[in-house]
Amino acid sequence: MLFTKLLGIIILVAGVLGDVHSAIRDRRQVDSCSERPTYGERRRCAVKDGVNQLLQKRDEDWSWGELVQAEAIIALHLAKYRVFKKTKAFLYISVKQMNIDLLSALSKDNSLTSKVWGRGKLAYYALGMKATCQDPKDFYGHDLIDKLKNHLIVSSSYLESNKFAYSLILIALCKAGESFDTHNLDAISTTPGYYTFGVDEASLVYMAYHCVGNPTYKNAEDSAFNFILQAKNENGTFGNEYSTALAVQAIFASGNRTLRRQTKTGIEYMINSIERSKVPFTSLLLSVLPAIARKSLLDIGLWQCPSTEQGTTTPSTPTFLIGITVFNNITANNYDHTWSAPLQQGQTLFDALVNLNNTDQTFSFNSKTTTWGQYITSINLMTASTDNRQYWQILGTDGNPLQYGASQTFPSQRDRYTFKFTIW
């Protein structure tokens, strides 16, 4: 019934908007982007032209082909469309096509554990849900995040030999605000300098570690990032267009503004590749558009989603994720667990703990009010005893103790905090 309803929407909107699709196909040709006088102009021109070309790639059903809808939506999201508004029906109809792909697959295999879906494809669709302001935990009654966690188990033998796919799943879970065991982070760790699929794999591994923000794996994160930087060729690329695109994504995901200049030649290379192709393959556009736009998978869903109330659309308060790690090697057997905690702009680190406690049953904590604010007394039933000179020390992203307590600390996007069981 639901499938039929969505199909009806597709048919209806497609019929109404046939002239819009034709208009896009017949758009006025722009001058070659490579002829623009400055790098910034060439880059912006390439993004605009690439988005238009990607939209032209859709068939009569407003689809990009079998099971690539999510990747196309992600590319459009990162390159241009921060929010897919229903009022832009020529665009939103492809979001519905993505949903139909997924509903069709779910009707045949509710667990989605086939080789196609269980080895990373569902991760793209979960990210596609985030990109289009849909809840991957409640997709028409289906919890896609729970299914992804199940993939880590049922497809473990494959994923452990393919860290690219494994890391992609972890990124999707992280962006959904989900926690996972440290053995999953161990699984994507590798001998420094060795990555089966080279720069491609190292880029995904790095972004997975960076998204989670567990300081225990900082060395593994840095090893992957250094591998990427050292893989840069004399001509400024990191391999072919696909590898270069992932390397550029990783560099922008790092937030290191000093390193951004190292991507200029690679971005120029990708711009030229699109122009040389005249009619570039869809797969090429899906790969290079986010990188040319200087965005990464970690940017998915960072923009405000509209909330409809009484017929009007109002912006919701921006929500972002921070890393929360709990470490105890004193009263527990090397307890080390990391969560991604949701937080809104203006909230404190203590608010993040409250949010996490309310949304994740694997996390709990207690505190007491003091003259200096909220004092954390226990986390996950691990209680610090003042009689035994124990307390929960809070370390910041840089690994140093915080100057202020949890209720006076205001985190930013991608900050990482460690609550370390300590003896004074």
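Biologist: Which cysteine does a disulfide join to C133?
Modeller: C133 is joined to C305, with an S to S distance of 2.0 Å; a disulfide here is a pair of cysteine sulfur atoms within 2.5 Å. This is a predicted model, where local features need pLDDT of at least 70 and side-chain atom pairs pLDDT 80 or more, while totals for chains, interfaces and linings use all residues. Residues are numbered from 1 along each chain as its sequence is written, and side-chain values use heavy atoms, leaving out hydrogens and water.

Biologist: Why is the disulfide of C133 and C305 called left-handed?
Modeller: The torsion about the S-S bond of C133 and C305 is about -90°, so that disulfide is left-handed. The pair links distant parts of the chain, 172 residues apart. C133 sits in the loop between α6 and α7 (144-154), and C305 in the loop between α15 (282-292) and β1 (306-309). Those labels are DSSP runs numbered from the N terminus: helices are H or I, at least four residues, and strands are E, at least two.

Biologist: How many disulfides does the structure hold?
Modeller: It holds two. A disulfide also joins C174 to C211, S to S 2.1 Å. C174 lies in helix α9 and C211 in helix α11, so this pair ties together parts 37 residues apart in sequence. The torsion about the S-S bond of C174 and C211 is about -95°, so this disulfide is left-handed.

Biologist: Is C174 buried or exposed?
Modeller: C174 is buried, at 1% relative accessibility. C211 is buried too, with a relative accessible area of 16%. C133 is partly exposed at 31%, and C305 is partly exposed at 25%. Buried means under 20% relative accessible area, exposed over 50%, and partly exposed in between (1.4 Å probe, protein chains only).

Biologist: New topic. What residues line the largest cavity?
Modeller: C33, A46, D49, Q53, I271, I274 and E275 line it. Helices α3 (39-56) and α14 (264-277) each give two or more residues to that lining. On a 1 Å grid over the protein atoms alone, a cavity is a set of points where a 1.4 Å probe fits but cannot get out, a pocket is an open set with protein on both sides within 12 Å along at least five of seven lines, and lining residues have an atom within 4 Å of a point.

Biologist: And which residues lie nearest the centre of the largest pocket?
Modeller: K130, K175, T319, L321 and P342 do, out of 44 lining residues. Strand β3 (319-328) is among the elements that supply at least two residues of the lining, and β3 gives the largest share, five residues.
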